[in-house]
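Dear colleague,

I am passing on the structure below, with the sequence alongside. My notes on packing and on charged pairs follow it, and I would be glad if you read them with the coordinates open.

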Amino acid sequence: YDEKVAATRAIPLVIQRQQLDRAVALAPDSAVHHNNRAVVLQRLGRDDEARRAADRARELEAARGGGP
């Protein structure tokens, strides 16, 4: 896990965002992709977009029976 996290952090945030945009486009019902996108958007200072992505992740997780 630590190696995976380190490798992810080595990828510039803008590229991570592009990759996650594609991942969401390919799997729009993936709560994980929306959540990861929210994290990257927040790190980029795009708080409104991050909040929407996080909200969508929570909706999807709740719909599949997960979450709080």
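In what follows, a residue counts as buried when its relative accessible area is under 20%, as exposed when that value is over 50%, and as partly exposed in between. By that scale R56, at 31% relative accessibility, is partly exposed. Please keep in mind that this is a predicted model, and that the values below are computed from it.

Salt bridges

The count of salt bridges comes to nine, and I describe some of them here.

The side chain of D21 meets that of R17 in a salt bridge with an N to O distance of 3.7 Å, and because the two residues are four apart in helix α2 (residues 13-26), about one helical turn separates them. D21 also forms a salt bridge with R37, here with an N to O distance of 2.6 Å; this pair joins distant parts of the chain, R37 belonging to helix α3 and D21 to helix α2, 16 residues apart. How accessible are the two partners, D21 and R37? D21 is partly exposed, at 29% relative accessibility, whereas R37 counts as buried, at 18%.

Salt bridges that share partners join R17, D21 and R37, together with R46 and E49, into one network.

In soluble globular proteins, nonpolar side chains tend to be buried together. In this model the largest nonpolar core consists of five residues, namely A38, L41, A50, A53 and A54. Two or more of these residues are contributed by each of α3 (31-43) and α4 (47-63), and the largest share, three residues, comes from α4.

Which residues does A53 touch, once those up to four places away in sequence are not counted? A53 touches H34, R37, A38 and L41. Of these, A38 and L41 are members of the core described above, while R37 is the buried residue that forms a salt bridge with D21.

With best regards

Methods
Residues numbered from 1 in each chain as written. Predicted model: local features only at pLDDT ≥ 70, side-chain atom pairs only at ≥ 80, totals over all residues. Heavy atoms only, no water. Core = buried A, V, L, I, M, F, W, Y, C linked by side-chain atoms within 4.5 Å. Buried < 20%, exposed > 50% of the residue type's maximum accessible area, 1.4 Å probe, protein only. Contact = heavy atoms within 4.5 Å. Salt bridge = Lys/Arg side-chain N within 4 Å of Asp/Glu carboxyl O.
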